[in-house]
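Here are a few exercises to work through with the model open in your viewer. Try each task before you read its solution.

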Amino acid sequence: MLTTSERRPAIRTLRGWAIQVLQEAGAIRECEEHGWMQDRADPHARERAFEIVRRDLPAGLSTDEAAAEIREVLDSIGDTCPECP
């Protein structure tokens with residue numbers, strides 16, 4: 001009997017990987033109307049993102065480099081959608 005396991009989609013950029021990790025952890029979300037990423041400002045979700053980084057690094061990347069990319073993405077995302085009133 002064949003069994004399948006859920007695989008993460010292939011990510012082409014380091015930034016794309018970081019965004020996916022942050023979404024998986026619940027640290028960011030997408031505006032339903034406009035598609036902009038929004039920081040949820042949830043410290044527990046951020047910690048979950050860093051746990052994912054420590055557990056599941058992309059090939060060829062150190063933990064420090066991956067954590068730095070997560071921080072950089074978080075710093076670049078606001079908590080509101082620029083197009084919502």
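**Exercise 1. Find which residues of the largest nonpolar core touch the most other members.**

Solution. Start with the ground rules: this is a predicted model, where local features need pLDDT of at least 70, side-chain atom pairs count only at pLDDT 80 or more, and totals for chains, interfaces and linings use all residues. Residues are numbered from 1 along each chain as its sequence is written, and side-chain values use heavy atoms, leaving out hydrogens and water.

Step 1. A nonpolar core is a set of buried Ala, Val, Leu, Ile, Met, Phe, Trp, Tyr and Cys residues joined through side-chain atoms within 4.5 Å; buried means under 20% relative accessible area, exposed over 50%, and partly exposed in between (1.4 Å probe, protein chains only).

Step 2. The core has 20 residues, and those touching the most other members are Trp17, Val21, Leu22, Ile28, Val53, Ile70 and Val73.

Step 3. Helix 1, helix 2 (43-55) and helix 3 each give two or more residues to this core, with the largest share, six residues, coming from helix 1. Helices here are DSSP runs (H or I, at least four residues), as are strands (E, at least two), numbered from the N terminus.

**Exercise 2. Describe how helix 1 and helix 3 pack.**

Solution. Step 1. Helix 1 (residues 14-25) and helix 3 (residues 63-76) have axes 9 Å apart, at an angle of about 75°. That makes the two helices roughly perpendicular, a label for angles of 65 to 115 degrees. Axes are lines fitted to C-alpha atoms, for helices over the stretch in contact, with angles running from 0 to 180 degrees between N-to-C directions.

Step 1. Now look at the contact, meaning heavy atoms within 4.5 Å.

Step 2. Zoom in on Ile70: leaving aside residues up to four places away in sequence, Ile70 touches Trp17, Ala18, Val21, Leu22, Phe50 and Val53.

**Exercise 3. Which residues of helix 1 are buried, and what covers them?**

Solution. Step 1. The buried ones are Trp17, Ala18, Ile19, Gln20, Val21, Leu22 and Ala25.

Step 1. Their cover includes strand 1 (28-30), strand 2, helix 2 and helix 3.

Step 2. Just past the end of helix 1, Gly26 takes a positive phi of about 85°.

**Exercise 4. Is Ala41 buried or exposed?**

Solution. Step 1. Locate Ala41 in the loop between strand 2 and helix 2.

Step 1. Ala41 is exposed, at 55% relative accessible area.

Step 2. Check the backbone too: Ala41 has a positive phi of about 55°, although it is not a glycine.

Terms used: Angles under 35 degrees count as roughly parallel, over 145 as roughly antiparallel, 65 to 115 as roughly perpendicular and the rest as oblique.
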